[in-house]
Amino acid sequence: MSKIILNPLAGSPIKNVQIKGQGILFKDKPFEADSLRKIENDEVAGILLKLFEFLVPLTIEEAKSYTESKKKRKFKCEKCTFTSDEQIALAGHNRKHDKEDRIDAELGIEVIGEQEVQEMSDGDIELARKDAEKKHFESLGISAKWEDDVPMRGVVM
Ligand SMILES: [Zn+2]
């Protein structure tokens, strides 16, 4: 026996799930929202359904009609299997791809995609810089101490 599981449109991508004795599931290919998977091991299917409450078990008939109706949707993403009947939903979905990290075709290095960034004040930048510096030192096994961390005089430790 096997089970067919739907990750509904309102679900969420699932990746890197470790289930005892099964290795890591959805490692290279996440189980995306609005898609189906056939899980051959009933026990694994049961665990997934418990772990992710939004997942829905489908019969073979239900799975077929889901796939059929998905094919009939008007708006299709060119980069993945996303489809929708509403253009605005596809536009929203495409913004997600714009933000994804990609590999630069020419150089073969990772590109950090467009992110929504809020303007930082000089103070914010200084804090972020100190934080990054601190993490850098810590990664070298040196714990850095900054003036800000020095306890104020008069405070009983
Ligand atoms: Zn897409």
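The legends below describe close-up views of a predicted model.

Residues are numbered from 1 along each chain as its sequence is written. In this predicted model, local features need pLDDT of at least 70 and side-chain atom pairs count only at pLDDT 80 or more, while totals for chains, interfaces and linings use all residues.

View 1. Helices (H or I, at least four residues) and strands (E, at least two) are DSSP runs, numbered from the N terminus. Along the sequence these elements follow the pattern β-β-β-β-α-β-α-β-β-α-β-β-α. Of the 157 residues, 6% count as buried; a residue is buried if 20 or more other C-beta atoms lie within 10 Å of its own, exposed if 12 or fewer, and partly exposed in between, with C-beta atoms placed from the backbone. Two residues are in contact if their C-beta atoms, placed from the backbone, lie within 7 Å. Among contacts between residues at least 6 apart in sequence, 43% join residues at least 24 apart.

View 2. Strand S8 (residues 102-103) has the lowest confidence, with a mean of 78, whereas S5 has the highest, at 97.

**View 3. An open sheet of three strands in the order S4-S1-S5.** The pairing in this sheet is antiparallel, where two strands pair if DSSP finds at least two bridges between them. Strand S4 (35-39) and strand S5 (56-58) are the edge strands, each pairing on one side only. On average, neighbouring strands of the sheet are turned by 35° against each other, direction ignored. Axes are lines fitted to C-alpha atoms, for helices over the stretch in contact, and angles run from 0 to 180 degrees between N-to-C directions. Strands of a sheet pair through backbone hydrogen bonds, either parallel or antiparallel.

**View 4. Strand S1 (residues 3-7) and its pairing with S4.** Five bridges hold this antiparallel pair. Lys-3 has Ile-39 in S4 as its bridge partner. Helix H1 (residues 42-51) packs on the sheet and touches S1, S4 and S5. The direction of H1 makes about 25° with that of S1.

**View 5. The antiparallel pairing of S1 with S5.** Three bridges join the two strands. Opposite Ile-4 stands Leu-58 in S5.

**View 6. The loop between strand S3 (24-25) and S4, seen at Phe-26 and Asp-34.** Phe-26 is not a glycine, yet its phi is positive, at about 55°. Phe-26 is partly exposed, because 16 other C-beta atoms lie within 10 Å. Asp-34 also has a positive phi, near 65°, in a residue other than glycine. With 20 C-beta neighbours inside 10 Å, Asp-34 counts as buried.

**View 7. Helix H2 (residues 60-71), a run of 12 residues.** From its first C-alpha to its last, H2 reaches 17 Å, close to the 16 Å expected at 1.5 Å a residue. The expected span of a helix is 1.5 Å times one less than its number of residues. The number of buried residues among the 12 of H2 is zero, so the helix lies largely in the open.

**View 8. Helix H3 (residues 87-99), with Lys-99 in it.** The 13 residues of H3 reach 19 Å from first C-alpha to last, close to the 18 Å expected at 1.5 Å a residue. H3 is hardly covered, as the count of buried residues among its 13 residues is zero.

**View 9. Asp-98 and Lys-99 in relation to Ile-112.** Asp-98 also has its place in helix H3. Lys-99 is exposed, with 11 other C-beta atoms within 10 Å, and Asp-98 is exposed, with 10 other C-beta atoms within 10 Å. Lys-99 and Ile-112 are 13 residues apart in sequence, and their C-alpha atoms are 7.8 Å apart in space. For Asp-98 and Ile-112, 14 residues apart along the chain, the C-alpha separation is 9.9 Å.

Terms used: pLDDT = per-residue confidence, 0-100.
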